[in-house]
Amino acid sequence: DDRILLHPVLPMDAKSIKTLYEQKNITKTARVLYMSQPTLTARIKQIEESLGTKLLYRGNKGITFTETGEYTVKFAEHILGEMQELRETITNMQEDVAGTLRIAAPSILARYFLPKLLGRFQDMYPKTKFDVQIAQSSDVISLASSLGIHFGFVRNDFDWREDERVLLTTNHVCAVAAQPFKLEDLPHMVRVDYDTDQYYQNLLDGWWHETFEDSPIIGTRVSNLDLCKEMVFNGLGYGILPSILIEEYPQLYSIPLVHKNGSKLERKTWLIYKKELLDLRLPKVFLEFVIDSDFDSFQRNH
């Protein structure tokens with residue numbers, strides 16, 4: 001009913017005030033708003049009475065807004081902006097979680113954790129797709145910093161903002177061999193070595209030099225952790241491997257590496273991201289999913 005007055009701050013009245021300010025003419029404004037001229041005039045008068053002030057004057061040259069009218073126009077624009085934001089937020093909340101999630105991770109995480117993790121996420125949100133890059137942790141950092149990915153999985157304690165990373169799991173590093181051995185035997189045993197990122201290499205070298213005086217005897221060098229594990233399994237020497245890699249081989253003998261202070265040599269797994277990407281629905285939902293999950297349950301041999 002056109003005779004019913006809406007509260008002055010509600011969207012319809014805000015739109016009437018804003019449109020009238022733009023058109024500077026009652027007839028044109030009524031036409032734009034698809035209402036009769038008497039209805040618009042009555043509505044403006046009722047708003048003025050509710051606010052206790054005169055908002056505008058009608059003259060031969062059109063509409064002139066008072067000082068309080070000018071202020072009310074600005075308030076009306078604010079209300080309409082808030083309503084638009086509300087509509088967009090509600091629309092975003094109701095939309096299906098869909099799109100392509102861009103992820104980068106070192107090969108060990110991509111092989112042992114991501115298939116099950118991404119599979120469970122897609123079971124919950126079938127319209128999602130994934131673009132997964134294999135990269136060393138240092139390169140994952142660069143991709144995340146440049147917003148080339150939504151999320152990065154890293155195995156190092158790089159300098160990254162505390163409020164833009166999530167600790168997923170902590171594993172220890174072991175000396176592993178096909179036959180029984182003791183840690184003090186390592187300088188006299190043949191080692192299967194592998195290429196890795198500089199951070200992890202420095203970590204291993206630091207432990208070795210604080211523990212032994214002699215350099216390791218490198219018998220075989222391979223390109224990655226998985227190949228090293230297979231070489232160790234077939235008796236070509238010992239390897240220094242993360243615990244997550246050897247849990248599916250209980251027949252291997254392993255000893256955790258320990259610092260002189262008694263603490264184990266550890267590798268932490270982090271999820272890193274940039275907060276500005278959480279304005280997008282898909283990354284926001286994925287982050288919530290990972291935080292609410294037990295990351296270790298995604299390991300492929302579980």
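1. Asp-193 and Arg-221 form a salt bridge in this predicted model. Their closest N and O atoms are 3.1 Å apart. Asp-193 sits in strand E7 (residues 190-194) and Arg-221 in strand E8 (residues 217-222), so the pair ties together parts that are 28 residues apart in sequence. Asp-193 is buried, with a relative accessible area of 6%.

2. Some salt bridges share partners. One network of this kind joins Arg-161, Asp-163, Glu-164, Lys-274 and Lys-275. Within it, look at Glu-164 and Arg-161. Their side chains meet in a salt bridge at 3.8 Å, N to O. Glu-164 is buried, at 4% relative accessible area. Arg-161 is partly exposed, at 45%.

3. Next, turn to Arg-165. Its salt-bridge partner is Glu-162, and the closest N and O atoms lie 2.6 Å apart. Arg-165 counts as buried because its relative accessible area is 16%, and the cut-off is under 20%. Glu-162 is exposed, at 59%. Across the whole structure, a search finds 14 salt bridges.

4. Arg-165 also touches Phe-158. Where is Phe-158 placed? Phe-158 belongs to the loop between strand E5 (151-154) and strand E6 (165-177). Leaving out residues up to four places away in sequence, Phe-158 touches Ser-137, Ser-138, Ile-141, Arg-165 and Tyr-199.

5. Is Phe-158 buried or partly exposed? Phe-158 counts as partly exposed, because its relative accessibility is 23%.

6. Finally, compare Phe-158 with His-78. The two are 80 residues apart in sequence. In space, their C-alpha atoms are 43 Å apart.

Methods: Residues numbered from 1 in each chain as written. Predicted model: local features only at pLDDT ≥ 70, side-chain atom pairs only at ≥ 80, totals over all residues. Heavy atoms only, no water. Helix = DSSP H or I, 4+ residues; strand = E, 2+ residues; numbered from the N terminus. Buried < 20%, exposed > 50% of the residue type's maximum accessible area, 1.4 Å probe, protein only. Contact = heavy atoms within 4.5 Å. Salt bridge = Lys/Arg side-chain N within 4 Å of Asp/Glu carboxyl O.
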